[in-house]
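Dear colleague,

I am passing on the structure we spoke about, and my notes on it follow below. Please look through the coordinates alongside the text as you read.

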Amino acid sequence: MTITEKILAAGAGLKKVTPGDFIECNVDIALANDVTAPLAISEFKNAGGKKVFDREKIVLVPDHFCPNKDIKSAEQAKILRDFAKEQGLTHYYDVGRMGIEHALLPEEGVVLPGDVIIGADSHTCTYGALGAFATGVGSTDLAACMLTGKAWFKVPPTLKFIFNGKLNKWVTGKDLILYLIGDIGVDGANYRAMEFSGEVIGKLSMSDRFTICNMAIEAGGKAGIIPADKKTLDYVEGRAERPYEIYENDKDAKYEKIIVYDCSKIEPVVAFPPLPSNRRFVKDVKDVKIDQSVIGSCTNGRIEDLRIAAQVLKGRKVHPDVRTIIFPATQKIYLAALKEGLIEIFINSGCAVSTPTCGPCLGGHMGILAKGERAIATTNRNFTGRMGHPESEVYLSNPAVAAASAIAGKISLPE
Amino acid sequence: MILKGKAHKYGDNVNTDEIIPARYLNTADPDELAKHCMEDIDGDFVKNVSAGDIIVAGKNFGCGSSREHAPLSIKAAGVSCIIAESFARIFFRNAINIGLPILESKEAAQKIKTGDVLEISLKEGKIKNLTRHQSYSSKPFPDFLLKIINSDGLINYIKNIPNSRDKKKGGVNVKKLQYCCYGR
């Protein structure tokens, strides 16, 4: 069995599963945010729910429109707060402790290797970087899990992506996943588990690994996964709030397809609107002027990302026509950036630094685009109107390119 | 159940940001969401749609965000069914869960044009194009999925099943949740 099949088998209490099997799994963590939880809570109550199945396993993070952007979102966030109190939820993070859910939960040791995780947020697949099975669902599915603690799955076939060779300068996990999505398309992994491996993945930081698994959904993937290794265990140690299990691929594990990449051929990538698959190498981009640069999100808002951005921005000024907004993904990341002097570098360069929030990534608040404006962003989606006006544009890149473009006023490489 | 309405045709990869932009996600009220349905892909959709109409699209309909507000807004706008060449995984589950019928048919997705009048039998998976005198087939809904649709969604379906409540836990008998076996 593949690592995905083994985790699902264990979650279902079975010795063996094969792709196509229908299974019922115990869920280790089920999460929702201020957009998806209000619907889930109302469905939970509509179904006659009184108590959630386990108050330690339901996680609520008001991160999308919080700190509350308007009266309506304040009321949505209040539904979460009231429910968390009423149910005595142990994992509820209000403003001040709140971070972007997919950066926060691994950081706090809430999600762990070997877990079965569902989340009413499509980027729940991020946690696969820990060697867990994690997938996005809707609010009704989440409500059903809040009641029962279980979820049904069809065991997905696995596509294996092997990254070999050596990384070129300024190439990060973001470039690898954008390159891959450009290759297989935005539905290239629909219903499949995507497993990432190879010597390059082994050398990548956990931060880069989270970035890669985060964007599995942008290829339609049901989950992204990287088997746990020493780096994973080092990351988890000291954070894990409960015991966990490490699973490995069997030697005779079966894959639907194996695709091998030679990383020496991959340069820094930018995805043009309106699809994440619309990739080009930055070196081939001519004169695309930008109005805004956004560095942050569940995809690229970790401390390693901020260090890269600071390395490019240090001692330089952002272009006078560009608004540059930086979003440390959690309070701990914000504090680390402060202690390391990164915040000072950003402010001296003319960047705005925000409290953690999903903010402009989904066109929520804190950096919305006007008609005809263009942003480069380290976020995950560049769909039509994603960051604001339907006639605005989003280009996706890694933090170094977003920082360099902020300085140049157009899409550029750091050098 | 027989559904009848006129077609509104779109291309591949219609995503949930286009179906209901995040700027309207500060509410979960279906009627509010319906006012902005498809706004970023077709600003005239809400003006043109009539009760019973059918959305027809290409590959990977509903990709992107897991927001259940997307199928909710489509349903509340009066759409009776979506036909696409294929659906993104999360959208598929969400649509069924809220009682919005969706059908996969490559042939229908390719041949139907905006304005065509369609008649659909969910039980048989038959799509009749009354304008072009054509008919297309798709995989029929299995019984339990038809029941979820007819109950107006999963939660109502669970509530309507006798003895589905586990009184001790105040929850729902998980055996009744096998709807997911449709395979998404």
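In which sense do β5(A) and strand β6 of chain A pair, and over how many bridges? The two strands run parallel, and four bridges join β5(A) to β6(A), which covers residues 133–136. Please keep in mind throughout that this is a predicted model, with an ipTM of 0.93 and a pTM of 0.94.

Within β6(A), A:Phe133 is the bridge partner of A:Val116, while A:Gly136 stands opposite A:Gly119. Strand β5, which comprises residues 116–119 of chain A, sends A:Val116 and A:Ile118 one way and A:Ile117 and A:Gly119 the other, and all of these residues are buried. The strand also pairs with β2(A), residues 29–33, to which it runs parallel and is joined by three bridges; here A:Leu31 is the residue that stands opposite A:Gly119. Taken together, five strands of chain A form an open sheet with parallel pairing, and their order is β4-β3-β2-β5-β6. The edges are formed by β4 (91–92) and β6 of chain A, each of which pairs on one side only.

**Aromatic pairs and charges over rings**

A search of the whole structure finds 12 aromatic pairs over all chains. One of these is the stacked pair of A:Phe161 and A:Phe196, whose ring centres are 5.9 Å apart and whose planes stand at 25 degrees to each other. This pair links distant parts of the chain, since A:Phe161 belongs to strand β8 (residues 158–164) and A:Phe196 to strand β9 (residues 193–197) of chain A, 35 residues apart. In chain B, the rings of B:Phe87 and B:Phe92 are arranged edge-to-face, at 6.2 Å centre to centre and with 70 degrees between the planes, and both residues are buried.

Ring pairs also link A:Phe163, A:Tyr179, A:Tyr261 and A:Phe281 into a cluster. A:Tyr179 has a further neighbour in A:Arg279, which lies over the face of the tyrosine at 4.0 Å from the ring centre.

A:Ser197 lies in strand β9 of chain A, and the residue is buried because its relative accessible area is 15%, where the cut-off is under 20%. Leaving aside residues up to four places away in sequence, A:Ser197 touches A:Lys160, A:Phe161, A:Ile162 and A:Phe163.

Helix α11 of chain A spans residues 303–313, and its buried residues include A:Ile303, A:Asp305, A:Leu306, A:Ala309, A:Ala310, A:Val312 and A:Leu313. As background to reading such a list, an α-helix has 3.6 residues a turn, so residues three or four places apart point the same way. After α11(A) comes A:Gly315, which has a positive phi, near 75 degrees.

**Chain A as a whole, and confidence in chain B**

Chain A contains 14 helices and 18 strands, and its C-alpha trace spans about 55 × 50 × 40 Å along the principal axes. The radius of gyration of chain A is 20 Å, which agrees with the value near 22 Å that a compact globule of 415 residues would have. Of the 415 residues in chain A, 65% are buried. Among the contacts in this chain between residues at least 6 apart in sequence, 77% join residues at least 24 apart.

For chain B, the pLDDT averages 88, and 87% of the residues score at least 70. Residues 163–184 of chain B, however, have a pLDDT below 50, although this stretch has 63 contacts in the model beyond near neighbours in sequence.

Conventions: Residues numbered from 1 in each chain as written. Chains lettered and ligands numbered in written order. Predicted model: local features only at pLDDT ≥ 70, side-chain atom pairs only at ≥ 80, totals over all residues. Heavy atoms only, no water. Buried < 20%, exposed > 50% of the residue type's maximum accessible area, 1.4 Å probe, protein only. Pairing = 2+ DSSP bridges. Phe/Tyr/Trp six-rings, centres within 6.5 Å; stacked < 30°, edge-to-face > 60°. Lys NZ or Arg CZ within 6 Å of the ring centre and 35° of its normal. pLDDT = per-residue confidence, 0-100. Contact = heavy atoms within 4.5 Å. Rg over C-alpha atoms; globule rule 2.2 N^0.38 Å.
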